Amino acid sequence: MAILVSAHQLTKAFAARPLFSGLTFAISEGERIGLIGPNGAGKSTLLRILAGQSGYSQDAGTLSIQRGLRIGFLEQVPQFLPGATVLSTILEGVPGKSLSHDDSDHWEQHGIVHELSSRFGFDQLPGGTETKVELLSGGWKKKVALARELVKKPDLLLLDEPTNHLDVESILWLENLLARANFAALTITHDRLFLQRIANRIVELDPRHVGGLLSVQGNYADYLSVREQIILAQEKREVILKNTLRRETEWLRQGAKARTTKQQARINRAGELKDTVEDLSTRNLVRTARIDFQAAEKNPKKLVEAKRIFKSYGPKKIFSDLDLLITPGTRLGLLGPNGSGKSTLIRVLLGTEPPSGGEVFRSEHLSVAYFDQTREALDPLKTVAKTLCPTGDYVGYRNMRVHIRSYLDRFLFTQGQMDMAVGKLSGGEQARLLIARLMLTEANLLVLDEPTNDLDMATLNVLEDCLAEFPGAVILVTHDRYFLDQVTNKILSFTDGKLLTFADVGQWETWITTHSRNSGAKTQSVQTGNGSGTNSSGKRRKLSFKDQRELDGMEASIQQAEARLQQLTEESSHPENISNATNLARITQELSLAQSEVERLYVRWGELEGNG
């Protein structure tokens, strides 16, 4: 595969704040790379450098880009011209084309736009492609910005948190788009299920790793396995070297009677060993945000109860005949397209908006803490410290006075960031600041509207554990399906004007996939089950001789594939392979292929069983 981009010893810092140092990597044709790492590690900055954005370049190192390479860049917060329409925005990306209607190539431009409009669903907007972008939701804006980049026909597409503000159905659509793409892609995302499905290589940007990054061939599950082995080996090495350093230090303290050349070399080695141990200790140090929401003193058995409520805006019905009981321990997830009514339902349940009919009972002891995805509660001009502590130097937390510096340290903010304007923080740092503010409120109901946007994986894991232990109730809106599955025990899905209940995300995804397939079928007959393997009369189709033979041998094929997967898993744990980067990379790639084969066989088995 041809190398598209090659970077050697890239270094970047903002003022006195280092982002990354000595990064060396390459991007090749056909690679779909997931770029992950802690907040503030410089991931977005790295993408801007690769995209050649004005004002962004490395402080040191070399960056080589293939001649004539077309690069598309979807920013985390896309920018649009004032008054721009969907059509004019997409046309901005047409290479070397005029936007004039008198242009002889105008028909060709509109041919490209028409194709994209159909694929992205822009023709379904109220004003079609003439709709003003400023009137669109965050999810639609993200789609318009993506279309603008795709019309460039990029060889390499850079995506910065592309799933933010997209509803789950749109994320499924994006997964399918990237899986079938003929261009290379480098994607920053903390959506673990999205990573698992779209990436064939994971790169973690983190100073804990030698050279500032860890590159693993394979999907996210492969990365987790390899990373665990590397971190364990690194921690063991630190223990061994510390013991060696202790012995050398004891020898030095005894004092040598005669300083021979050999002894001086030993002294020098001890100094080098001390530097190595300090470096390892720094890289092995793990700091995560300490999240612990305050529970209200009174936690009644019934927090909110809705009886046959419905909500309409004129002739448009948002939801109807909903019965819902929220008690301590309730973990309710809300799913649905943007604008389907998730926020409306929350407002009705909390009493900030009345239902069109039905009754909502709220306990007199109900206390709500609300995480707003718009982050309007944050003043970008205020400092980090003043956001949490407008007056004085102490905040009240769990009936204690805690100094603002100590409280901010819980959320990984440095002393230098205390007086920094909120607007200069990264997206993940702003999300952590909102959580820090929320933790100052005693509550028995947490309402979290897209809390996962921009948070790194370490913080997501901590937040998951915290919500599991929270004694009150949680209402969660998020596009992160893995997070949703870990936190909730019931899902309400807004689909085609109806509210449907699911036990988990897997059940919802199976239903939505089947529903979409059946909705697009030529026959209008209603089918039951998963919709596969039946004809219009509802009878199962008979398997062909070839398919029947395949089904008969499927169990044996799966056993053989699983045995191969087990063999490779064991090989990846052998010390000689862990210490050999070449062997480990080869085995990891084979592991990924073996895992994909097992998954493919199980899917195929289900298809054949459904038809037989």
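E305 stands opposite L325 in strand 11. This is one pair of residues in a predicted model.

**Around strand 10**

Strand 10 covers residues 304-313, and strand 11 covers residues 316-326. The two run antiparallel and are joined by 7 bridges. Together they make a hairpin with 2 residues between the strands. What does G314 do in this hairpin? G314 takes a positive phi near 65 degrees.

Strand 10 also pairs with strand 13, residues 357-362. Here 5 bridges join the strands, and they too run antiparallel. Within this pairing, K307 has E359 of strand 13 as its bridge partner.

| Strands | Sense | Bridges | A residue pair |
|---|---|---|---|
| Strand 10 and strand 13 | antiparallel | 5 bridges | K307 and E359 |
| Strand 6 and strand 7 | parallel | 5 bridges | L157 and A185 |

In what order do the 6 strands of the open sheet stand? The order is 5-6-7-3-8-9, and the pairing is mixed. Strand 5 (71-74) and strand 9 (213-217) stand at the edges. Each has a single partner strand, so one side of each is left without a neighbour in the sheet. On average, neighbouring strands are turned by 15 degrees against each other, direction ignored.

Inside this order, strand 6 (residues 156-160) lies beside strand 7 (residues 184-188). They pair in the parallel sense over 5 bridges. The bridge partner of L157 is A185, in strand 7. Helix 4, residues 138-150, packs on the sheet. Helix 4 touches strand 5 and strand 6. The direction of helix 4 makes about 175 degrees with that of strand 5.

In a regular strand, side chains alternate between the two faces of the sheet.

Helix 1 spans residues 43-51. Which of its residues are buried? They are K43, T45, L46, L47, I49 and L50. Just after helix 1 comes G52, which takes a positive phi of about 70 degrees.

Helix 3 spans residues 106-120 and holds S117. Is S117 buried or exposed? S117 has a relative accessible area of 5%, so it counts as buried, the cut-off being under 20%. Leaving aside neighbours within four places in sequence, S117 is in contact with F122, D123 and T129.

Note on methods:
Residues are numbered from 1 along each chain as its sequence is written. This is a predicted model: local features need pLDDT of at least 70, side-chain atom pairs count only at pLDDT 80 or more; totals for chains, interfaces and linings use all residues. Side-chain values use heavy atoms; hydrogens and water are left out. Two strands pair if DSSP finds at least two bridges between them. Helices (H or I, at least four residues) and strands (E, at least two) are DSSP runs, numbered from the N terminus. Axes are lines fitted to C-alpha atoms, for helices over the stretch in contact, and angles run from 0 to 180 degrees between N-to-C directions. Contact means heavy atoms within 4.5 Å. Buried means under 20% relative accessible area, exposed over 50%, partly exposed in between (1.4 Å probe, protein chains only).
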